[in-house]
Every structure is written in structure tokens, then in C-alpha cells.
Amino acid sequence: MQADEIKKIEELAQTDSQVKELYEKHLELKKVIQKLEERPFHTPAEEVELKTLKKEKLEVKTNLLSLLESKTK
């Protein structure tokens, strides 16, 4: 996400529980993914988990940006 989008999301999250929930979920997934990616080696199960988490994060981001667009029109 771009800095201006993040700023708008953070502002909306203060008053909109749905935006807040999605944004917190996005940040949580980002941390988990970063932690997994820091490992030098991944088991096949970890590779699958990493791909699944990245897909979920992308879905949350898409939903969040869509919600942002609808709220700022």
C-alpha cells in the first residue's frame, strides 16, 4: 500500500470498526509472513503456509482498499 492510502486507512480506522479490523489483520499477517521469510530454510509445510498467508494478506488488502474507496467517495 502507498503512504497516502495507509494514512487514510489509519484515519478511518479510528471511527470505522470494519476498517480497523481489516487493517489490524493485514498488519498481523505482514508480521507473520516477515517472521517466516527471515528463516534461512523452509520445510515444505512452511512453504505452503507462507503461500497461504500471502494469499490471505492479499485478499485482506484488496478488501481494505475496496472499502477505503467506497468510504472516501
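A polar contact is a pair of N or O atoms within 3.5 Å; within protein, one must be able to donate a hydrogen and the other to accept it, and residues adjacent in sequence count only if both atoms are side-chain atoms. By this criterion, the side chains of D16 and K71 are joined by a polar contact of 2.7 Å. The model is predicted: local features need pLDDT of at least 70, side-chain atom pairs count only at pLDDT 80 or more, and totals for chains, interfaces and linings use all residues. Residues are numbered from 1 along each chain as its sequence is written, and side-chain values use heavy atoms, with hydrogens and water left out.

The chain has three helices and zero strands. Its pattern along the sequence is α-α-α. The radius of gyration is 14 Å, well over the 11 Å that the globule rule gives for 73 residues, so the chain is more spread out than a compact globule. That radius is taken over C-alpha atoms, and the globule rule is 2.2 Å times the number of residues to the power 0.38. Helices (H or I, at least four residues) and strands (E, at least two) are DSSP runs, numbered from the N terminus. The C-alpha trace spans about 45 × 20 × 15 Å along its principal axes.

Burial was assigned from relative accessible area: buried means under 20%, exposed over 50%, and partly exposed in between (1.4 Å probe, protein chains only). Buried residues make up 25% of the 73 residues. The accessible surface of the chain comes to about 5,600 Å². Carbon and sulfur atoms hold 51% of that surface. Areas come from the Shrake-Rupley method with a 1.4 Å probe; for residues, only the protein chains shown count as cover. Contact means heavy atoms within 4.5 Å. Among contacts between residues at least 6 apart in sequence, 60% join residues at least 24 apart.

Helix α1 covers residues 3-13. Its buried residues are I9, L12 and A13. These cover an arc of only 100 degrees around the axis, which puts them on the same side of α1. The arc is that of the directions from the helix axis to the C-beta atoms. The face turned away from the buried side carries the exposed residues A3 and K7. Cover for the buried residues of α1 includes α2 and α3.

D16 sits in the loop between α1 and α2 (17-37). D16 counts as buried because its relative accessibility is 13%. D16 also caps the N-terminal end of α2, with a side-chain oxygen 2.9 Å from the backbone nitrogen of Q18.

Helix α2 has 21 residues. Its first and last C-alpha atoms are 30 Å apart, close to the 30 Å expected at 1.5 Å a residue. The expected span is 1.5 Å times one less than the number of residues. The buried residues of α2 are V19, L22, Y23, H26, L29, I33 and L36. Seen down the axis, they fall within an arc of 150 degrees, so they line one face of the helix. An α-helix has 3.6 residues a turn, so residues three or four places apart point the same way. The buried residues of α2 pack against α1 and α3 (44-71). On the face turned away from the buried side are the exposed residues S17, E21, K31 and K35. E24 also belongs to α2. At 44% relative accessibility, E24 counts as partly exposed. E24 and E11 are 13 residues apart in sequence and 13 Å apart in space, C-alpha to C-alpha.

Helix α3 has 28 residues. At 1.5 Å a residue it should span 40 Å; its end C-alpha atoms are 41 Å apart, which agrees. The buried residues of α3 are E46, L50, L53, V60, L64, L67 and L68. They pack against α1 and α2. E46 counts as buried at 15% relative accessibility. The side chain of E46 makes a polar contact of 2.3 Å with the side chain of R39. Not counting residues up to four places away in sequence, E46 touches L36, R39 and F41. E49 is also found in α3. E49 is partly exposed, with a relative accessible area of 39%. E49 and S70 are 21 residues apart in sequence and 32 Å apart in space, C-alpha to C-alpha.
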